[in-house]
Amino acid sequence: MKEENLPYEPYRKARLGKGVPGSETSEEDFLSRFLTEISTAALPPPAHRRIIVIGKHKYYDLFTAQLMDTQVGPSGELKSPFLTVNPIDLIWKTREAEDIQFYAAIVKFQAFYEKSLADSEGLKALIRNPFNYPCFFHDSSITEKASPRSLSPVSLSTPPIDFKVRISLGEKLYHIQGDLYINKVYVSINQISVRFEQFLTVNDNWYLCPDTNLVQAIAYFKRHGNVIRLSYDEFLRFQTEVLSEMETHVQINHSYLKPASKIQLKKAGFDQAPEKLIYLSDLGDYVLINPVLKYGDVEIPVLSRRQIYAQDHKGSLSTVERNSIAEDQLVGLLLKQHPDFLEQLENPLLYFYLHKSRFLDETWFLDVFEEWSAENITVLGFQQLKGNNLSPHKGKLSIQIASGLNWFNALVEVKYGRKKASLKQLQKSVRNKTKFVQLDDGTLGILPEEWLQKLEAYFSAGEVEEAAIRIPKNNFTVLDQLFETRMLDQEVREEVLRYRSKLTDWKAIEPAPVPAGLRGTLRPYQRQGLSWLNFLDDFGFGGCLADDMGLGKSIQIIAFILLLREKSETNTNLLVVPTSLLHNWENEISKFAPTLRVYTLHGSGRVRSTKAFGEYEVVLTSYGTLISDISFLKSFEFNYIFLDESQNIKNISSQRYKAARLLKSRNRIAISGTPIENNTFDLYAQLSFACPGLLGTRLYFKNTFAIPIDRFKEKRSALALQERIASFILRRTKQEVAGELPEKTEIVLYCEMGAEQRKVYDQYEREFREYLTLNPEEVLAQNPMHVLKGITRLRQICNSPLLIGDEKLYGDSSVKIEMLMDQIRSVTGRHKILVFSQFVSMLDLIRKEVVKEGIGHCYLTGSTRNREEVIQQFQQDETKRVFLISLKAGGTGLNLTAADYVFIVDPWWNPAVENQAIDRSYRIGQKKNVIAVRLLCPDTVEEKILQMQQNKTKLTSDLISTGDTFFKSLTKSDLLHLTSPSGSEPLS
């Protein structure tokens with residue numbers, strides 16, 4: 001038999017005789033004795049019963065309630081012991097809400113507790129008693145612990161309780177009497193007792209009266225024998241000290257008073273509709289909501305029973321009927337606004353209440369306040385709630401877009417009632433992603449979630465300037481995307497329409513005149529580029545000229561600067577280029593626009609101020625010099641700033657970018673054949689320089705375009721970005737303008753050495769020049785190989801000092817490799833490239849960089865055995881973008897029409913050999929235009945060779961013959977010129 005099935009306590013705990021003192025019986029003896037006792041018992045064992053025991057706290061005058069288990073004798077009498085039951089253990093055994101509330105009430109009242117609004121609810125849950133446990137009152141004056149003698153059965157209930165006070169006037173005295181009705185039955189006050197300020201008891205019946213004010217009134221009349229007789233003076237004092245407070249909770253009938261007449265009502269102001277008020281106040285963690293109607297000058301809490309009296313000029317009083325319809329409507333409105341209020345209406349409170357966290361939940365109280373405002377209800381006390389600094393009003397957002405000088409002004413106004421939120425405070429809230437915004441009175445307005453998203457887009461489109469968001473006019477497309485048409489004034493609508501119609505088709509732009517000072521002929525697409533630049537200038541917009549390499553970006557910019565001369569009174573323009581391209585630009589300007597006044601701001605001897613800048617049309621400088629001289633360059637306002645190879649500022653954290661953004665100018669143009677090298681974000685820095693505001697803030701661009709495009713390949717984002725920048729980037733590929741290009745274009749790309757490389761070159765040049773100077777011409781003629789070796793050594797240094805010896809002695813810097821890799825990166829995406837060098841060791845250095853970049857390539861030198869296989873691989877394999885070829889091994893006999901770019905790394909005496917190399921691509925079967933680029937270091941033997949080719953026409957036939965023949969034709973003077981310092985006169 002299991003322990004829980006043993007019916008009698010001494011046996012319930014016993015097993016094999018254990019648990020019973022002195023027992024030494026075996027299991028068989030135990031079972032035998034147990035069965036004998038059960039069969040011979042005269043009476044059945046006592047039954048178990050669970051009861052509720054109420055009473056007074058041991059130390060405090062507080063109501064207590066406990067669950068106890070006990071035994072009941074045959075006649076139903078309670079028997080000791082009484083065991084307290086823990087209600088917490090029982091809560092886990094039920095899922096019924098009413099059961100849980102009952103156990104929670106036991107938990108609350110079985111220990112010391114602080115009185116609160118929840119007391120009444122707890123008592124109601126206790127009295128509902130879903131288990132129908134019998135209830136007993138414990139009289140602790142009999143025994144401190146529960147015992148059969150100290151417990152008496154009671155009945156708990158919550159019947160309707162009504163108490164009214166009747167006042168009548170006798171010949172000399174006022175008669176005041178209380179009438180108590182329990183469950184609509186009259187009960188003499190003398191019969192009842194008041195317990196724990198919430199119970200009225202009659203014999204063993206305990207009636208819960210949750211209205212403690214009503215209980216206090218009943219207790220007051222019980223103490224005074226229920227009937228009170230007072231003289232006139234005593235009654236006046238009684239009315240002031242007692243009735244004025246009591247009548248809030250108790251209905252008081254003055255039987256001797258007559259209702260006020262219409263005249264009396266009008267004179268007292270009671271003939272008008274009452275004003276609706278709601279008072280808010282704190283009570284601990286709760287907010288009390290007290291609905292009030294104001295009759296004339298008298299405020300009556302709607303949930304109170306207070307009477308209204310009118311007094312005439314003689315001091316006589318009359319009663320005024322309360323507007324029950326208006327009161328019911330006000331209460332009805334509140335009951336619809338929160339489900340808790342209907343249940344609270346059963347309480348005897350003069351107010352509704354909510355926990356402060358629930359009251360201040362913006363999803364609730366903003367709608368509620370709006371309803372109260374619509375019902376003309378005055379709300380008082382909201383700002384005085386502790387810990388509350390919120391505005392009770394919903395925000396109203398209004399936007400108007402007006403046109404400014406170079407921007408659109410988005411006038412954004414956010415109001416909360418009569419208070420406003422400044423634009424800077426709104427921006428701060430959006431930046432911090434908080435739903436609150438500080439208003440001009442210090443309170444906080446609540447920003448709806450959809451507002452935060454809208455405002456974030458607004459602020460990303462421009463910059464905050466006082467009360468407006470300034471949106472650059474180049475960013476006109478966002479007006480359609482972000483704002484409704486009604487928000488745009490008529491001028492803005494017309495302006496946006498004009499921009500859209502003009503800027504969407506750059507080919508339809510009116511042709512700009514070719515400036516008179518330009519020496520050279522612009523191809524049709526270059527003329528379009530000039531017109532595009534001129535068109536942007538008319539609107540005051542900057543842009544990015546992003547034509548492919550070899551399409552003549554420099555001549556378009558030079559022509560535009562000449563055109564600006566005709567359009568602007570002041571035409572000082574800053575042209576910032578990589579150091580290695582300074583020489584290229586000097587030559588290009590000298591070639592195409594010799595009348596332009598140019599100052600090159602570079603080198604140790606440069607000026608350190610802008611005083612003389614006004615005398616020049618072009619201030620040419622490098623990115624390095626820009627960083628060094630930004631302290632004074634930023635003080636001068638240029639007409640235009642041009643950034644060549646603008647991808648140099650693609651990193652917005654770089655000193656180059658920061659310095660460029662500090663410059664002042666009327667307008668700006670970025671120039672780059674590869675505006676995007678690594679990712680979409682490369683574009684942001686360049687266009688934020690050339691077209692400030694076009695792409696919004698960095699964070700906006702990152703989240704809206706860079707991440708979706710680069711990481712997730714979102715076509716929609718890519719199309720949106722393309723639409724935004726289309727009018728401000730002019731990019732023509734070689735394929736697009738192939739019909740306007742000659743079949744073969746030859747370019748010289750000047751490569752300015754860095755300091756380290758130049759130092760090595762100057763040292764060797766000086767030694768070679770000393771050798772030439774010290775030896776007579778006949779000695780030089782007898783030793784042509786020694787002379788050739790000296791010139792070759794200088795050519796190798798132009799390529800890289802690594803070609804002549806140990807890296808530790810000569811360094812590893814190579815401007816040619818740097819510039820060649822820049823060009824390779826810029827065109828390998830769409831074109832195939834041939835790279836020729838006379839020096840295999842130079843090809844090996846280039847090959848390392850190509851491998852490092854992960855660019856597919858082929859390699860051909862004299863030692864290559866599988867020539868045809870390598871050639872076919874380059875021709876047919878699309879992943880092979882670069883072919884590195886030694887001039888000797890690949891200068892003739894190859895058909896490499898897959899390539900359309902050819903780079904000659906080290907120009908040599910004989911251009912015919914170079915032309916043969918170029919013709920590896922430019923030959924029968926080639927359907928693309930070929931661009932050939934010679935890399936040449938200025939102020940070196942390479943440039944002197946080029947000058948000799950141009951100036952000594954007698955060399956023409958020699959240049960086609962062998963090198964030995966050519967050397968024999970050179971005089972000592974010719975050789976000294978090859979090593980002459982920069983600035984020496986060229987040979988005639």
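Aspartate 69 comes out as partly exposed, at 25% relative accessibility; the classes here are buried for under 20% relative accessible area, exposed for over 50%, and partly exposed in between, with a 1.4 Å probe and protein chains only. This is a predicted model, where local features need pLDDT of at least 70 and side-chain atom pairs count only at pLDDT 80 or more, while totals for chains, interfaces and linings use all residues. Residues are numbered from 1 along each chain as its sequence is written, and side-chain values use heavy atoms, with hydrogens and water left out.

**Salt bridges**

Aspartate 69 has a partner: its side chain meets that of arginine 50 in a salt bridge, 2.7 Å from N to O. By salt bridge we mean a side-chain nitrogen of Lys or Arg within 4 Å of a carboxyl oxygen of Asp or Glu. Aspartate 69 sits in strand E2 (residues 63–72) and arginine 50 in strand E1 (residues 47–56), so this pair ties together parts that are 19 residues apart in sequence. Strands (E, at least two residues) and helices (H or I, at least four) are DSSP runs, numbered from the N terminus. Arginine 50 is also partly exposed, at 25% relative accessibility.

The whole structure holds 43 salt bridges. Here are three of them:

| Pair | N to O distance |
|---|---|
| Aspartate 69 and arginine 50 | 2.7 Å |
| Arginine 486 and glutamate 484 | 2.8 Å |
| Lysine 567 and aspartate 538 | 2.8 Å |

The lysine 567 pair links distant parts of the chain: lysine 567 is in helix H18 (residues 553–567) and aspartate 538 in helix H17 (residues 524–539), 29 residues apart. Lysine 567 is partly exposed at 36%, and aspartate 538 is exposed at 54%. As for the other pair, arginine 486 is exposed at 58%, with glutamate 484 partly exposed at 40%.

There's a network of salt bridges too, linking Lys744, Glu746, Glu914, Asp919 and Arg934.

**The parallel sheet**

Arg934 turns up again in a sheet: arginine 934 in E40 is the bridge partner of isoleucine 904. Strands E39 (residues 901–904) and E40 (residues 930–936) pair in the parallel sense over 4 bridges, where pairing takes at least two DSSP bridges between two strands.

Contact here means heavy atoms within 4.5 Å; axes are lines fitted to C-alpha atoms, for helices over the stretch in contact, with angles from 0 to 180 degrees between N-to-C directions.

**Asparagine 388**

Is asparagine 388 buried or exposed? It's buried, at 8% relative accessibility, in the loop between strand E20 (378–380) and strand E21 (395–403). Its side chain reaches the backbone oxygen of phenylalanine 382 at 2.8 Å and the backbone nitrogen of leucine 390 at 3.0 Å. Leaving aside residues up to four places away in sequence, asparagine 388 touches Leu360, Phe382 and Gln383.

Most residues other than glycine have a negative phi, and most peptide bonds are trans. Serine 80 and proline 81 are joined by a cis peptide bond, with omega about 0°; proline 81 belongs to strand E3 (residues 78–84). Asparagine 203, not a glycine, has a positive phi of about 60°, and it is exposed at 71%. Glutamate 645 has a positive phi of about 50°, but this residue is buried at 18%.

Notes: Polar contact = N/O pair within 3.5 Å; in protein donor to acceptor, adjacent residues only side chain to side chain.
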